[in-house]
Amino acid sequence: MAIAQLADLLTLRNDVFRAYLFWSAVLVLKMLAMSWLTAAQRFSTNTFANAEDCLRRKDKVKYDEPRVERVRRAHLNDMENILPFFIIGFLYVLTDPSKFLAINLFRIVAFGRLIHTLVYAIVSVPQPARALSFAVSHLSTAYMAYHVLVYAS
């Protein structure tokens, strides 16, 4: 692929690239919100990871408060899934994929991650809600990775 063709793909005139930027920004904001959600859980339970963070004598250093750990696990799951999406999604844009498919894959990943957080860290919903929300976004990212591999070989 020529440099000019790559430049055309990485412009806001390219709807696929614009959708990638939009949904990536949504996911960045979602990950940033997880830090605040963790802090809110720590304050609501008076549970802190460091002694200097304790505001009152009754506050405690504790590493296994269930509500805090649930949010932290959801945040870790985000890092394990969203960070690879940022990379493979960008590479997928460079393959000049179908506009319809690419935009919908980006949406599926974002909505899957948003729903995963909702059913895992905010409102505990029984399985298979969390597994399904994880799987749709994970498989969408895996499809993009496969497409990039095939395109590059």
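Student: Which side chain does K30 meet in a salt bridge?

Tutor: Keep in mind that this is a predicted model. A salt bridge here needs a side-chain nitrogen of Lys or Arg within 4 Å of a carboxyl oxygen of Asp or Glu. For K30, the N to O distance is 2.4 Å, and the partner is D78.

Student: How many residues apart in sequence are the parts that K30 and D78 tie together?

Tutor: Look at where each one sits. K30 belongs to helix α2 (residues 15-45), while D78 belongs to helix α3 (residues 66-93), so their pairing ties together parts that are apart in sequence by 48 residues.

Student: Is D78 buried or exposed?

Tutor: Under 20% relative accessible area counts as buried. K30 comes in at 8%, so K30 is buried. D78 has a relative accessible area of 0%, which makes D78 buried.

Student: Which helix holds R113, the residue that pairs with D78?

Tutor: R113 and D78 meet through their side chains in a salt bridge, at 2.8 Å from N to O. That pair ties together parts 35 residues apart in sequence, since D78 is in helix α3 and R113 is in helix α4.

Student: What is the relative accessible area of R113?

Tutor: The cut-off for buried is under 20%. R113 falls in that buried group, with a value of 1%.

Student: What about E65 and R67: which of them is partly exposed?

Tutor: These two side chains also meet in a salt bridge, 3.9 Å from N to O. E65 has a relative accessible area of 11%, so E65 is buried. With 46%, the partly exposed one is R67.

Student: What share of the 153 residues is buried?

Tutor: The same cut-off applies, under 20% relative accessible area. Across the 153 residues of the protein, the buried share is 39%.

How values were computed. Residues numbered from 1 in each chain as written. Predicted model: local features only at pLDDT ≥ 70, side-chain atom pairs only at ≥ 80, totals over all residues. Heavy atoms only, no water. Buried < 20%, exposed > 50% of the residue type's maximum accessible area, 1.4 Å probe, protein only. Helix = DSSP H or I, 4+ residues; strand = E, 2+ residues; numbered from the N terminus.
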